[in-house]
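Subject: Structure for your attention

Dear colleague,

Please find the structure below, together with its sequence. My notes on what was found in it follow directly after.

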Amino acid sequence: ISGEIARHDACRLLNLESVDVAGGYDAIDNGSAHPLKVQIKGRVIFDETKPGMRIGQLKLEQQWDAVVLVLLDEMFNTTEIYRADRKTILQALEEVTSQNRSKRGAMSVSRFKHISSLVWDNVNGLSEEGTWDNQIDG
């Protein structure tokens, strides 16, 4: 159920268009001339002190431009949303994979937060620094 809530909240809060296709992405950002294909992942955080929490397997073989990670509290309320582009994610996964600590497409919540931008939180709403950027790097 957390995945469905994450998808709903990401689309609503980031103004994304939910799609029902089996193409490796869950939503489209139509904010500019070049729409972004967005994979949405959700994770419920019951105990913030517990290390090693992971996000769901990323669909690396599929076409997508960015991933958003929706963090939910124990009551399934969205608390934060982070965003990272494909290039950044692939670089981070390559570093982890080369060290034999992770299977391809798997990443911890803390690692994702480290490489991404906070784009929304339940205190401030959309972030000025992390405002959804519809630009794709080369």
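Both faces of strand 4 are covered: A66, V68, V70 and L72 are buried on one side, and V67, L69 and L71 are buried on the other. Here, buried means under 20% relative accessible area, exposed means over 50%, and partly exposed lies in between (1.4 Å probe, protein chains only). In a regular strand the side chains alternate between the two faces of the sheet. Strands (E, at least two residues) and helices (H or I, at least four) are DSSP runs, numbered from the N terminus.

Please note that this is a predicted model, in which local features need pLDDT of at least 70 and side-chain atom pairs count only at pLDDT 80 or more, while totals for chains, interfaces and linings use all residues. Residues are numbered from 1 along each chain as its sequence is written, and side-chain values use heavy atoms, with hydrogens and water left out.

Which strands pair with strand 4? Strand 3 (residues 36–44) runs parallel to strand 4 and is joined to it by 7 bridges; two strands pair if DSSP finds at least two bridges between them. Q39 has V67 in strand 4 as its bridge partner. Strand 5 (residues 78–85) runs antiparallel to strand 4, again with 7 bridges, and R83 in strand 5 is the bridge partner of V68. Strands 4 and 5 form a hairpin with 5 residues between them, and F76 in the turn has a positive phi of about 65°.

The salt bridges come next. A salt bridge is a side-chain nitrogen of Lys or Arg within 4 Å of a carboxyl oxygen of Asp or Glu, and the count by this rule is 4. In one of them, the side chains of D20 and R7 meet at 3.2 Å, N to O. D20 lies in the loop between strand 1 (17–18) and strand 2 (27–29), and R7 lies in helix 1 (residues 2–14), so the pair ties together parts that are 13 residues apart in sequence. D20 counts as exposed at 76% relative accessibility, whereas R7 counts as buried at 16%.

Another salt bridge joins E80 and K113, with the closest N and O atoms 3.9 Å apart. This pair links distant parts of the chain, E80 in strand 5 and K113 in helix 3 (residues 109–115), 33 residues apart. Salt bridges that share partners also join R7, D20 and D26 into one network.

Yours sincerely
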